[in-house]
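Thanks for asking me to look this one over with you. Here are my notes, written so that you can follow along with the structure open beside you.

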Amino acid sequence: MSRLRCQGALQLADELQAWRRSLNAHPELSGREEWTAHFVAEHLREMGYTPVEGVGGTCGLTADLRIDDGPLIALRADMDALPIEEETGTQYASTNPGVMHACGHDAHTAMLLGAARLLRQRESELKRSVRLVFQPHEELFPGGASAMIAGGALDGVGAIFGIHVCTNLRIGELGTRTGPFMAAVNPFKLLIRGQGGHAAMPDRCVDPVVAAAHVIVALQTVVSRSIAISEPAVVSVTQLQAGTADNVIPNEVALQGTIRTLDERVRNHVCERVGELARGVAQAHRATADVEICPGYPVLANDEQMTGRVLEAARAIGFEPGDLLTLAPQGVGEDFAYFCHKVPGAFVFLGAANEAKGCSYPHHHPCFNIDEDVLPWGTALYAQLARGLAQA
Ligand SMILES: [Zn+2]
Ligand SMILES: [Zn+2]
């Protein structure tokens, strides 16, 4: 079991917990993180920073710790919550009905504030200037990262690191991988149009329900019949709306779903095949299909050198080699991907599960919670990444 070797972070444990609990009690939806941004800005100012607020027209903010004019190391935390009614029953549970920190972004914000405090206290140890990036709007496309980049959040930055708490890993574990780590996301919408009428006379109708059923089955062949064994891809149909009565064949059926891939070429191919199959199968049933493949986050690919730096920093703060895990690519998306497209970066999962404390629910679950012992680990890792990098 790993043991944290960062006295500074351990001494901050109570403050980190208080910050995280305040944030947990005040969750805000993507794009509406005003209270959170104000909370962060006030604490940064109290620590002696001069935060830049409203970066790129978002609720996002950055704050620099400058020791020279060289390239900055950026550390990113996201701040938004989800439209979920919290059911954890904790004393610090959401006071905002229907909104909940069910992904742990409250922890990320608290951990990065902790790092801000540590780095300020130990500024003389810095070898590179640092930029703290508090990003809003991660849970919902188009996300806050691209808007913040357009607003200058990466100007002068040479490398960037992001941490996500993870209840798939136990406390004291860290997981990541070099290269494609998190999936590209493309939601899709299909509208199958037929010709409705009396359910007793299907011969006088074009039944879009039967056409839609065949489309759903046909979509199961996109991955199995047109993608090579070496390429991961997922096509899931997740929503289906049709009809109003048992004796009426409706005019149309609406389907929605999502495509996940780990390579741009495969992404394009899968998107193309979903459209071709939907249109072709609908036509075979004398119906038509309107196909909309929606844009989504690109693949998050970790830079090899930066991933190495994270593992180095993790070992330096006390992670045992056996607790540093190489993970398989993940099917979920993450808009940290945009930062990694601009500068070399690495994104890591920090174990936050602890069954004994009731902290093993999956992300986005109404009972999601983390073992707060993860907070000093996250703060220490952010701080070590900033301190340990002489060059990148
Ligand atoms: Zn999430
Ligand atoms: Zn998240």
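1. Every distance and angle below is computed from its atoms, so treat each as a property of the prediction.

2. **The zinc site.** Start with the zinc ion (ligand 2). Three residues coordinate this ion: Cys103 through SG, His105 through NE2 and His164 through NE2, at 2.1 to 2.5 Å. Along the chain, these donors follow the spacing C-x1-H-x58-H. Water is not among the atoms, so the site may look incomplete.

3. Which residue bridges the zinc ion (ligand 2) and the zinc ion (ligand 1)? That residue is Cys103, and the two ions lie 3.2 Å apart.

4. Cys103 has 8% relative accessibility, so Cys103 counts as buried. His105 is buried as well, because its value is 0%.

5. **Salt bridges, and one that spans the chain.** How many salt bridges does the model hold? The count comes to 22. One of them joins the side chains of Asp335 and Arg76, with 2.9 Å from N to O. Asp335 lies in the loop between strand 14 (324-326) and helix 9 (336-342), while Arg76 lies in strand 2 (residues 72-78), so this pair ties together parts that are 259 residues apart in sequence. Asp335 counts as buried because its relative accessibility is 0%. Arg76 is also buried, with a relative accessible area of 0%.

6. **Two further salt bridges.** The side chains of Glu173 and Arg170 meet at 3.4 Å, N to O, in a salt bridge. Glu173 is buried, at 13% relative accessible area, whereas Arg170 counts as partly exposed at 38%. Another salt bridge is formed by Glu231 and Arg265, whose closest N and O atoms are 3.3 Å apart. Glu231 sits in the loop between helix 6 (208-226) and strand 9 (233-242), and Arg265 sits in helix 7 (residues 264-284), so the pair connects parts that are 34 residues apart in sequence. Glu231 is partly exposed, at 24% relative accessibility. Arg265 is exposed, with a relative accessible area of 57%.

7. **A salt-bridge network.** Salt bridges can also join up. Here a network of them links Arg20, Arg21, Asp106 and Glu372.

8. Helix 3 (residues 34-46) has 13 residues, and at 1.5 Å a residue it should span 18 Å. Its end C-alpha atoms are 18 Å apart, which agrees. If you try this sum yourself, multiply by one less than the number of residues. The buried residues of helix 3 are Thr36, Ala37, Phe39, Val40, Ala41, His43 and Leu44. What do they pack against? Their partners are helix 2 (13-25), strand 1 (61-65), helix 4 (105-121) and strand 3 (130-135). Gly48 follows helix 3 and has a positive phi, near 100°.

9. **Aromatic pairs.** Searching the whole structure gives eight aromatic pairs. In one of them, the rings of Phe181 and Phe349 have centres 5.0 Å apart and planes at 45°, so the pair is tilted. Phe181 is in strand 6 (residues 179-182) and Phe349 in strand 15 (residues 345-353), so to speak a link between distant parts of the chain, 168 residues apart. Both Phe181 and Phe349 are buried. The rings of Phe319 and Trp377 also make a tilted pair, because their planes are at 45°, with centres 4.4 Å apart.

10. **A ring cluster and a charge over a ring.** Ring pairs link Phe181, Phe336, Phe339, Phe347 and Phe349 into a cluster. To finish, look at Tyr49: the charged end of Arg120 sits over its ring, 5.2 Å from the centre.

Methods. Residues are numbered from 1 along each chain as its sequence is written. Chains are lettered from A and ligands numbered from 1 in the order in which they are written. This is a predicted model: local features need pLDDT of at least 70, side-chain atom pairs count only at pLDDT 80 or more; totals for chains, interfaces and linings use all residues. Side-chain values use heavy atoms; hydrogens and water are left out. Donors are N, O and S atoms within 2.8 Å of the metal (3.2 Å for Na, K and Ca); water is not among the atoms, so sites may look incomplete. Buried means under 20% relative accessible area, exposed over 50%, partly exposed in between (1.4 Å probe, protein chains only). A salt bridge is a side-chain nitrogen of Lys or Arg within 4 Å of a carboxyl oxygen of Asp or Glu. Helices (H or I, at least four residues) and strands (E, at least two) are DSSP runs, numbered from the N terminus. Contact means heavy atoms within 4.5 Å. Rings of Phe, Tyr and Trp (its six-membered ring) pair if their centres lie within 6.5 Å; planes under 30 degrees apart count as stacked, over 60 as edge-to-face and the rest as tilted. A charge sits over a ring if NZ of Lys or CZ of Arg is within 6 Å of the ring centre and within 35 degrees of the ring normal.
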